[in-house]
Amino acid sequence: MSQRLLVTSALPYANGSIHLGHLVEYVQTDVYVRFRKACGDDVTYVCAADSHGTPIEVNAAKAGVTPKAFVEKYRAEQHEDFRRFGVDFSTYYTTDSEENRRWAYRVYDALKAKGLVYKKSVEQLYCETDRRFLPDRFVKGTCPVCKTPDQYGDVCESCGTTYDPRDLVEPYCAICRSKPVIRTSDHAYVNLRKPEVFSVIEGWVNGEGHLVPSVREQVKGWLADLQDWCITRDEPYFGFPVKDPDFAGKYLYVWVDAPIGYLSSAEHYFAAEAPEGRRLAPAEFEARYLAPGAASRMEHFIGKDILRFHAVFWPAMLWATGLKLPDRMPVHGHLTVNGEKMSKSRGTFITGKTYLDSGLDPELLRYFYASNLSPGIYDVDLSLDEFRNRVNADLVKRIANLASRVHALVAKLPGELSRPAGVDTGHDLQRAAERAVQTARDAYRELEYRTALRAVNDLADAGNKALQERKPWEAPDSAPSRALLYDLTKALHAVAVALAPVLPRFCGALAAALGDVPLAWPEGFTPFDGRPVRFAAKPPQIAPVDAKQVARLIAAAPEAPKAPAKVAKAASPSETATKVSAKAAPPPPGVIQYDDFARVELRVGLVKAAEKVEKADKLLKLAVDVGEPEARTIVAGIAQAYPDPQALVGRRIVVVANLAPRALRGITSQGMLLAAGEPPNLSVVTVADSIAPGTRVK
RNA sequence: GGUGAGGUAGCUCAGUUGGCUAGAGCGAGGGUCUCAUAAUCCCUAGGUCGGGAGUUCGAUUCUCCCCCUCACCA
C-alpha cells in the first residue's frame with residue numbers, strides 16, 4: 001500500500017563546503033528515499049541551507065558581502081555538490097525565507113500562548129570594540145584548569161574540561177582580540193519542565209518506532225535533568241527579530257528556526273517548485289502533511305550531534321504549534337577517516353569537491369557508506385584500504401563482472417532467449433533472486449543497508465558459482481545452457497532493482513542493457529515474469545579502484561602537514577565557526593612507511609619569476625621551472641619573509657610536484673614549496689646550483 | 001565527574017529468550033577454471049568472545065567489580 005512521506009536530512013550550515021562527513025547522512029537519506037519511491041510511495045525529500053546565526057553574520061561582514069549573498073553562494077554550491085553525489089532533493093531551500101519567517105513567528109507565538117516562555121537575565125561576555133555579545137566560540141582565553149592558552153570559551157581542547165566563558169583566564173575576543181567585559185542581557189527561555197509539555201516530550205521519546213533503543217536511552221538521560229532552553233540572541237545577529245515587545249531588540253536563536261525550516265521548505269516546495277500536478281496551497285499542505293493524524297509519515301534523518309535539538313526541543317515546538325510529531329528519527333554516527341576524526345592538519349578533511357576531483361565515481365562512495373550503515377548510531381570509518389577492497393570485491397569482481405559474463409555468453413546465442421521448459425539447471429536462481437529481493441526490501445525499510453547489500457552480493461555469488469559449475473560456454477546453445485543464462489539474466493534484473501537505491505546511475509544503465517527492464521519495486525516483486533530476455537547493450541562496467549587513486553583523496557588535501565601543531569593556531573572566525581569538530585589532533589608518533597613518503601613527489605624547481613599577490617599580505621606568486629615544458633605557477637604564503645620577491649628569482653627550491661592544484665586568491669597554485677620556520681623568520685628550502693630543475697628529491 | 005552507548009578472528013560486523021566443535025564478508029595463504037575488466041570458483045586461516053569474580057550441570061549470551069573507547073552534559 002502506497003504511503004505518503006515527508007523525509008528530511010539535517011540542514012547544512014551555509015558557511016562552508018560539503019565534506020564527506022556530511023555525505024554520510026545525505027547518502028543514507030537519499031538511499032531510503034529512492035527505495036521508498038521505487039516501492040511506489042509518495043516521497044518528498046526536503047532539505048535547505050541553515051542560513052542564520054552569528055558565524056554567518058560575522059563571516060559575511062568579513063567577506064564584505066551581505067549575509068543573504070553570503071548564504072546564497074554556499075547554498076548553491078552545496079546543492080550542486082549534493083547533486084553530483086546523486087542526492088536527489090525535492091527542494092534545497094533556505095531558512096532565510098519569508099515562509100520560514102512566518103512559521104518561526106507562529107511557533108514562537110504558540111510557545112508563548114502555552115505559557116512556556118519566560119524572561120531571564122543572564123551574564124555574558126561582551127566585546128566593546130565589536131559592540132557585541134560573544135558566543136562561546138567567539139571568545140578565547142587560557143583554560144582555567146590546565147592553563148593551556150588560546151582555548152575556546154566553552155571547552156578546553158587540551159584537557160577536555162568544559163566551563164563557562166566567564167571563567168577563562170585572560171579572555172579575549174576572537175574577532176578583534178580585545179578584552180571583553182561582562183554584561184547582562186534579558187533573554188527568552190522556554191520552560192520544558194512544565195508537566196504538560198514534558199509529558200509530550202517524554203511520550204514521544206518513548207513512542208514505538210521513533211528512536212532506536214540506544215538513542216532513546218540517551219535522550220531519557222537528558223530528560224531526567226532537563227534544562228530550560230534559551231531561544232533568543234542579542235544583536236548583531238543574522239536571523240529573525242523577535243516581534244514580542246517583551247524582548248525588543250532580540251533575535252530568534254538559529255536553532256529555533258532551523259528545524260522549522262523543514263516545514264517552511266516543504267511548504268515552499270509544494271507551493272512553488274513541485275510539478276504542476278503536485279502543487280499544494282500552504283493550507284492544503286499543512287492539512288495533508290502536518291496536521292495531527294494526517295495520513296503521512298514525517299521522518300527526520302540527523303546526526304548524533306544534533307539529537308538534543310531534534311528529540312527534545314523539536315517535539316515540544318511541534319506540539320505547541322498544534323502539529324503532528326515526527327514518526328521516526330534515524331540517528332547516524334560521524335565519519336572517521338582511516339580510524340581517526342577528519343583533520344585538516346592530517347589532510348583527512350575531505351570535501352565533496354576533493355573527492356570529485358580525484359576522479360572517483362561518486363556512486364562508489366555511496367556504495368561504501370551504504371555497506372557500512374545500519375540504523376544504529378555507529379560511526380562510519382572511511383578506511384581508504386577498506387573502501388578500495390569493498391568496491392573492488394563487491395562491485396567490480398562480483399556484480400559488474402557477473403553482468404559482463406552473462407552478457408558475453410547470451411550475446412553469442414541466436415535470437416531471443418526464452419526459458420526452455422522442464423530443464424533443471426541444478427541451481428534455483430529464481431528462488432535465490434526472489435529471496436534476495438525480499439530480504440533487501442525488508443532491510444532497506446529498516447535502514448539495514450548492510451543487510452540489503454549482503455543479500456544482493458549473495459545473489460551475485462550464487463550466479464557466479466552457477467556459471468563456474470555448469471560451464472555454459474562449453475555448449476552455449478544447449479537447453480541447460482540456455483536455461484541457466486535465462487535465469488542469470490533475470491537474476492541480474494533482481495540485482496539492478498535491489499541495488500538501484502544505492503547506485504542509481506549504474507543500475508539505470510544495467511536495466512537499460514537488460515532491455516529497458518523497469519526498476520520499480522512493488523511488493524512481491526519478481527523478475528521471473530516469463531518474458532524472453534535480450535540484452536540491448538553491454539552492461540555498464542566499473543573500473544577497479546587502485547591505491548593511488550584513493551591516496552589522492554588525502555594527498556590532495558589543502559595543506560600538507562608539516563609538524564603537528566601543538567596548540568591550534570588562532571584560527572580565523574570562519575574556522576572557529578564551522579560546525580565540524582575542530583578538536584586538536586592527538587599528537588601520535590606518526591611513523592610512516594617508505595611508501596607513504598614516496599607518494600610525495602619532491603622536485604627541484606628554478607624560480608623564474610616572483611611577484612606579490614594583490615590584496616594578500618602573505619602570498620607570493622611564483623613561476624617555477626620544475627623540468628616541465630612550461631613553468632608552474634605556485635602561490636606560497638611567504639611574502640612576509642621576502643619583502644623583495646626578486647630576491648627569490650634564480651633560487652633553486654624544492655617543490656611538492658604532485659600536490660593537487662588549488663586556487664588561492666583566484667590564482668591556481670600548481671604545487672607548493674618547502675620552507676622552514678614561521679613568518680617572518682622563514683626561509684625557503686634551497687639546493688645547490690649544480691642540481692638541474694626537475695630533479696627528484698628523495 | 002555525571003549520563004548513555006560500546007569493547008567478538010588483521011578489518012567491518014552477525015550472534016533475538018544461556019547449551020552441539022563461536023559465524024559471515026573482505027583481506028591474507030594455497031589450489032583452480034578461462035565465458036568475463038588477470039575477473040571466477042574451491043580449500044585453509046584456530047579469535048583468552050576487554051579483564052576478574054559470581055550464579056548455573058553449563059555463559060560471548062545473567063549479576064557484580066575493574067580496564068579501555070566513543071558521545072552528550074556539568
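**The interface of domain 1 and domain 3**

In this predicted model, 13 residue pairs are found in polar contact across the interface of domain 1 and domain 3, counting pairs with both residues at pLDDT 80 or more. Three elements, α1 (20–38), α3 (67–84) and β14 (331–332), each supply at least two residues of the domain 1 side that touches domain 3. Of the elements on that side, α1 gives the most, with 13 residues. Sorted by class, the domain 1 side that touches domain 3 comprises 15 nonpolar, six polar and ten charged residues.

Let me place these domains within the chain. Chain A is divided into four: domain 1 covers 4–106 + 255–333, domain 2 covers 116–251, domain 3 covers 334–556, and domain 4 covers 600–697. The C-alpha centres of domain 1 and domain 3 are 31 Å apart.

How many residues of domain 1 are in contact with domain 3? There are 31, and they meet 36 residues of domain 3. Between them the two domains bury about 3000 Å², with 67% of that area on carbon and sulfur atoms. On the domain 1 side, L20, F35 and F85 lose the most area to domain 3, and together they account for 24% of what that side buries.

Four salt bridges are found across the interface of domain 1 and domain 3. Elsewhere in my notes I have marked K304 and D379, whose side chains meet in a salt bridge at 2.9 Å, N to O.

Key:
Residues numbered from 1 in each chain as written. Chains lettered and ligands numbered in written order. Predicted model: local features only at pLDDT ≥ 70, side-chain atom pairs only at ≥ 80, totals over all residues. Heavy atoms only, no water. Domains from an automatic or database assignment. Contact = heavy atoms within 4.5 Å. Buried area = accessible area lost by both parts, 1.4 Å probe. Polar contact = N/O pair within 3.5 Å; in protein donor to acceptor, adjacent residues only side chain to side chain. Helix = DSSP H or I, 4+ residues; strand = E, 2+ residues; numbered from the N terminus. Nonpolar A, V, L, I, M, F, W, Y, C, P; charged D, E, K, R; others polar.
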